[in-house]
Amino acid sequence: VAFYMLALICEGPLFRYHCKDMVRVRADIAAMREIFNDEFPDLSEMALMAGLPLELIVAPSLLVCFINFLPAPTALRCLEVIVVDGEIALFAIALSFIRLHEKIFALAIESDELLNAVTAAQAGMYDSQLLLDQAAIEMEGKAGRIRSIRR
């Protein structure tokens, strides 16, 4: 069962993520940069000034579907949504994570403060329902835009 689940994910939402040229990851990071700059302009600018672009904070989580990014119960719920809703859910969950913690992240001035805030937010994200409710709002409002940017 685990093998088939891994195959389903790698051939679905993560198709062309884990290949030599990592085409889809690079395209998705570029798309994420554009979306983050539009959705969180102040936070994006602050993160860039701190030397840590916002999309690079969340991009590693795309490679592993949030498995090592969030506590296990939350990560497994996210994985469920990603399997059902596909790659748009990856973006929606990343956006919702930033949106839920935007005010905390905005307090960081240095890159290490921002990384510490992100790490603390990751470790404390046990309310999977809150995260996925926000992700549903993000998917509902931005799915078309995310698809057009990703192409």
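Is E138 buried or exposed?

Guide: E138 counts as buried, because its relative accessibility is 1%, where buried means under 20% relative accessible area, exposed over 50% and partly exposed in between, with a 1.4 Å probe and protein chains only. This is a predicted model, in which local features need pLDDT of at least 70 and side-chain atom pairs count only at pLDDT 80 or more, while totals for chains, interfaces and linings use all residues. Residues are numbered from 1 along each chain as its sequence is written, and side-chain values use heavy atoms, with hydrogens and water left out.

The side chain of E138 meets that of R99 in a salt bridge at 2.5 Å, N to O, the term standing for a side-chain nitrogen of Lys or Arg within 4 Å of a carboxyl oxygen of Asp or Glu. Since R99 lies in helix 6 and E138 in helix 8, this pair ties together parts that are 39 residues apart in sequence; helices here are DSSP runs of H or I with at least four residues, numbered from the N terminus. R99 also forms a salt bridge with E39, the closest N and O atoms being 2.6 Å apart, and because E39 lies in helix 2, that pair ties together parts 60 residues apart in sequence. With relative accessible areas of 25% for R99 and 23% for E39, each of these two residues is partly exposed. Through shared partners, salt bridges join E39, R99 and E138 into one network.

The structure holds 3 salt bridges, one of which pairs R145 with D38 at 2.1 Å, N to O.

Note on methods:
Helices (H or I, at least four residues) and strands (E, at least two) are DSSP runs, numbered from the N terminus.
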